[in-house]
Amino acid sequence: MKVFIFPPTSLILSDLVERFGHEPLVMMRVIRDKVTDLSLDSPPLNVTPEDVKAGLKYAAVDTPPGVRGRLALIGPLIENADAAIIVRNADYSFGCVGCARTNEYLRYMVKRRGIPTLEVEYPKENEEDAKNFVYSIEKFLRDLKEGKKNGRD
Amino acid sequence: MSKVTKMVVVSSYAPILSKIYKLQFDLTIKETCFGVLISGEEEEMRRATDYMRNEFGNGVFIKERGFPMGDVRRCRADRGGGARPGFYQLEREIKMLPLIEDSLNNLDEEVDYKIHPYDQDKKMNAIKLQKMIEGMYK
Amino acid sequence: MEEIKIALLSCGAEYSGIYREIETAAKKFNAKLIYPYVETKNIDLATEELGLNVASPDLRLMAASAKSIVEGEVDADAVFICTCFRCAEGTLMRSTVRRYIHEHSEIPIISYSFTERTTAATLYTRMEALTTTARRKDLLARKKQEGITAGIDSGSTTTKATIMEENAVIGRGWVPTTDVKKSAETAFNDALNETGLNKGDIEALGTTGYGRFLIGEEMHADLIQEEITVNAKGGVFLAEKQEGPATIIDIGGMDNKAISVQNGIPGGFTMGGICAGASGRFLEISSRRLGISIDELGPLALKGDYRNVEMNSYCIVFGIQSLVNALATGSVPADVASAACHSVAEQVFEQQLQEIEIKEPVIMVGGCSLVEGIVKTMEDLLGVKVIVPRDSQYIGAVGAALLSSGFI
């Protein structure tokens, strides 16, 4: 199944989703398509004013351009997702997930879609936290595979 | 088929580079401080990542990378010293990898573990707090 | 022109489709955008030090970048701070970072809030001023005019010219801008006529304003310079406040500027130019509606009370409509004149003066500084005495004549 992850750039989430047999929907793929496009209009990421306008699909014109530009990149990932894993305390996420308002809205978009969702927290420096993090994710992804109802489904 | 780039990060030392070279994958490989960057056609990349997962198990973590290897747009030297935005999160996640690796090992060994839901109320019960305060003045 | 490095502190230029516009504007003035080196552990420490604990990670990174710049860990000559228009958190952090850098270093800064419609052309004057301040400290160090020099300020509404000799203005020309070249020629000749000198006597010429490149090339000017640098120098020169801090407020015919100056060198500045409601044009139309000349508007405004007129908008269309309605319903002209002045001054106060450090003395220049009602309202809004120096309307031409004497 296609699993949206937040942060959508996370190494750990991306790896775990793939490791447990699903497809992570990640920002890196979006960026790859953007930056390897032959017509590079707006370096470095090739996010153009047209992309920002496309963000109007998700938020009104009086929403700051940085929010709409980010939503235009990440929104389609949520639209295509069958499930989602969200890390709540991703405080060191910069760039495409560097805006708190956008991140709040992304979480809302996931909720609105009503897809199975797991919310976890990055482990602090102890084994217990790490186990809980990994085991929660493994169970969530296993249940998805087995077709069990999860989260908000 | 299009070209993709992946980041392979090791949680502790693993001789990735020498093994990949030995197996002569048709890939561009670059060693970095956290592991290796590999780039090539999707099919060959899948063979390489499957191999690394089998060979190094829970000790390697793999994710895609948006920018091609050595792209000046993300290069520190060209940016005047500052890291690309994704670096800080990667650095933070890399610190967690040994713990994640251990947890994955436990999972493989089917060590029984009871998951604690994240939604549980972490606030202290008011009566418990009252008893604690009362205990201080006994 | 040596390359200079501008540290870009932004929370989302790359995601707003305008990064290339900033880069293009920087390249035009041979500047390179750089990103300060920041250690992960310093991100939270810096946020704590600046004292504004915001939620957005990119804004926290902006604080850490500012700290790196202040501590000299970054080889940056200037700083460009920009955040999204209409983001409260971004705006608060932008001014916090700007203030922090300003108080802890002498590095020139500009701050800007962008939309996806921001173009490189909108940034040119700002970028030119920023790079000039960083690059030409020697030029800006000039405090005294020498020889016989001329300055021409080709503005959007009027063209001004001055002739200077022995550190004093000896000739002045002031004409409405119609054909840019012809207006410059006329203003220049008018200024020469006042002195009895000929063109050949002029040892150096400087041009500034919207038409600076066109007339500068046509008249073989020694100096072609944007208005921020020129007006900063001209302002402190005319007010005799060349040492220490000062704030220059210039409300012109079509745009306005606020410049924070230290020892005659611009430290931070802001430019408005999107809304004609915050310009002299608004006052011109108001005067016409009142059936008086612009010269009469200022004294009339001083006799009125803006609070007696209901203004619903700063807009040059709807705001003027409010004034017309007020006249139609019996408001006295003095109150309407006062309301017109208040509207312009308040908009400049709300939209420009929040972006720089207001330090006394506050010097008002430009055409609108002659409208007493504007000056009085600005004094009330800022709570400080505002200085309007002699020849304040010739500010650009004086600054250009002063700076060009460095080329003799």
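Helices here are DSSP runs of H or I with at least four residues, and strands are DSSP runs of E with at least two, numbered from the N terminus. With that in hand, chain A of this predicted model reads β-α-β-α-α-α-β-α-β-α from the N terminus on. Chain C splits into two domains, and chain C also makes a contact with chain B. Here's the quick tour.

**Chain A: fold and packing**

- Buried residues account for 56% of the 153 residues in chain A.
- Take the contacts in chain A between residues at least 6 apart in sequence, and 59% of them join residues at least 24 apart.

**Chain C: two domains**

- Domain 1 of chain C covers 4–135, while domain 2 is written in two pieces, 148–228 + 395–407.
- The centres of domain 1 and domain 2 of chain C, taken over C-alpha atoms, are 34 Å apart.
- Between these domains of chain C, 4 residues of domain 1 are in contact with 4 residues of domain 2.
- On the domain 1 side of that chain C contact, you get 1 nonpolar, 2 polar and 1 charged residue.

**Chain C: the sheet and its helix**

- An open sheet of 5 strands in chain C runs in the order β7-β6-β5-β8-β9, with mixed pairing.
- The edge strands of chain C are β7 (168–176) and β9 (223–224); each has a single partner strand, so one side of each is left without a neighbour in the sheet.
- Strand β8 (residues 204–208) of chain C runs parallel to β9(C), and 2 bridges join them.
- Looking at residues, C:Gly206 has C:Leu223 in β9(C) as its bridge partner.
- Helix α7 (residues 180–195) of chain C lies across β5 (148–154), β6 (158–165) and β7 of chain C, and makes an angle of about 145° with β7(C).

**Where chain C touches chain B**

- This contact takes 8 residues from chain C and 7 residues from chain B.
- Sorted by class, the chain C side that touches chain B has 6 nonpolar, 1 polar and 1 charged residues.

Methods
Residues are numbered from 1 along each chain as its sequence is written. Chains are lettered from A and ligands numbered from 1 in the order in which they are written. This is a predicted model: local features need pLDDT of at least 70, side-chain atom pairs count only at pLDDT 80 or more; totals for chains, interfaces and linings use all residues. Domain bounds come from an automatic or database domain assignment. Two residues are in contact if their C-beta atoms, placed from the backbone, lie within 7 Å. Ala, Val, Leu, Ile, Met, Phe, Trp, Tyr, Cys and Pro count as nonpolar, Asp, Glu, Lys and Arg as charged, and the others, Gly among them, as polar. Two strands pair if DSSP finds at least two bridges between them. Axes are lines fitted to C-alpha atoms, for helices over the stretch in contact, and angles run from 0 to 180 degrees between N-to-C directions. A residue is buried if 20 or more other C-beta atoms lie within 10 Å of its own, exposed if 12 or fewer, and partly exposed in between; C-beta atoms are placed from the backbone.
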